[in-house]
Amino acid sequence: MEKAESERKVEESVEEDDQVVNPWQVSAKDGGKIDYDKLIDKFGCQRLDQSLVDRVQRLTSRPPHVFLRRGVFFAHRDFEEILNAYERGEKFYLYTGRGPSSEALHLGHLVPFMFTKYLQDAFKVPLVIQLTDDEKCMWKNLSVEESQRLARENAKDIIACGFDISKTFIFSDFDYVGGAFYKNMVKVAKCVTYNKVVGIFGFTGEDHIGKVSFPPVQAVPSFPSSFPHLFSGKDDLRCLVPCAIDQDPYFRMTRDVAPRLGYHKPALIESSFFPALQGETGKMSASDPNSAIYVTDSAKEIKNKVNRYAFSGGQDSIEKHRLYGANLEVDIPIKYLNFFLDDDAELEHITKEYGAGRMLTGEVKQRLIQVLTEMVERHRRARASVTDEMVDAFMAVRPLPNMFD
Ligand code: TRP
């Protein structure tokens, strides 16, 4: 018999494996790179291959997002089922979220939201966005009030990504948990033993019980009945969750219990991590401001950070560089361009020239600085136009009458 998805981690944790990826810690083996193939095997998700990308293009009649074309979103669970259903004319809804642990977002934080915005536009489906202010209050030692304040601040950055207010509901756990949502939490909690959460999340006897009780909060937005103002009478609606792969443990648990509660398992589409400026050894660190580009950075700061800190795969002398070319495997400017330079032909050109040593690191960094500055500038303008009234409007518990149009 096939093992429950959530059971895998229990066995893995006993095995010798220095790579750690869970919602709270991302670190590669011996300070190396995250091995994403191994992660797919370990978590038991599927690789998102070219045929699925092609299928998305066919079904949506638009070019696939750069994050799909370049393999940034590289893994999935049941994404095919979502596409099958969509092809039959059944819609679905999107669910993603953010733990508001800091005031300023870095570029890595924007990745899932930029992608979710594309999915919403391409498939024309409703979206719920969970702000887990409760989670960060419990994990980050923030006060309730400070977590709530950060949730609203982060909501502005999220709204600035361009979501359609007629199809999007943003909620904070502190404000929204209750009613149907809470009933689902209790049903989930009854299905999950203590041993099971220890297996999936690695909690110990020293962790406070808030942590143990949290996973149902992140689980139940996957069930349509948690949003009666949106999906009343639509218990059969499927849910697709775009997220970074470190969130997978929550959804392994959710997928285990879903059939027992009479819901479809949520489908997932999962991204790799946006690397730190210093190199691809994990996620960016919130504690080191020089490890990331923030959406609040000035043009000057972006220029300085890229020039000083972006790890280069270029050779250490021009002669050697011309001879051997850059090591693109470790080069951060190329990796960043891979995320954010939309023009396939230009990226290919840069990659080829740089790899052959005809282009120098300085030139590649120059282009990256342009791309990032434009992006951050655009975001800053968009965010500045988000008013408190708009935040209230996105977060109002209200029906969305034309959300499937
Ligand atoms: N736990 C996530 C974080 O810390 C926030 C989150 C809640 C989330 N629900 C989600 C992320 C669904 C992705 C998908 O950032």
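**Figure 1. The second largest pocket lies between domain 1 (5–278) and domain 2 (289–384), because both domains give residues to its lining.** The model is a predicted one, in which local features need pLDDT of at least 70 and side-chain atom pairs count only at pLDDT 80 or more, whereas totals for chains, interfaces and linings use all residues. Residues are numbered from 1 along each chain as its sequence is written, and side-chain values use heavy atoms, with hydrogens and water left out. Domain bounds come from an automatic or database domain assignment. A pocket is an open set of points on a 1 Å grid over the protein atoms alone where a 1.4 Å probe fits, with protein on both sides within 12 Å along at least five of seven lines, and lining residues have an atom within 4 Å of a point.

**Figure 2. Lining of the second largest pocket.** The volume of this pocket is about 660 Å³, taken as the space filled by probe spheres set on the points. Its lining comprises 27 residues, of which His-65, Met-114, Phe-340, Met-375 and Arg-378 are closest to the centre. Two or more lining residues come from each of α4 (66–69), α6 (107–123), α18 (332–340) and α20 (361–384), and α20 gives the largest share, with 8 residues. Helices are DSSP runs (H or I) of at least four residues, and strands (E) of at least two. By class, the lining has 18 nonpolar, 2 polar and 7 charged residues.

**Figure 3. The shell around the ligand.** Among the 14 residues around the ligand (a heavy atom within 4 Å), Tyr-95, Gln-130, Glu-135, Gln-218 and Gln-247 come nearest. β5 (92–98), α7 (133–139) and β8 (238–244) each supply at least two shell residues, the largest share, 4 residues, coming from β5.

Figure 4. The ligand alone exposes 370 Å², and the protein buries 91% of that (Shrake-Rupley method, 1.4 Å probe).

Note on methods. Nonpolar A, V, L, I, M, F, W, Y, C, P; charged D, E, K, R; others polar.
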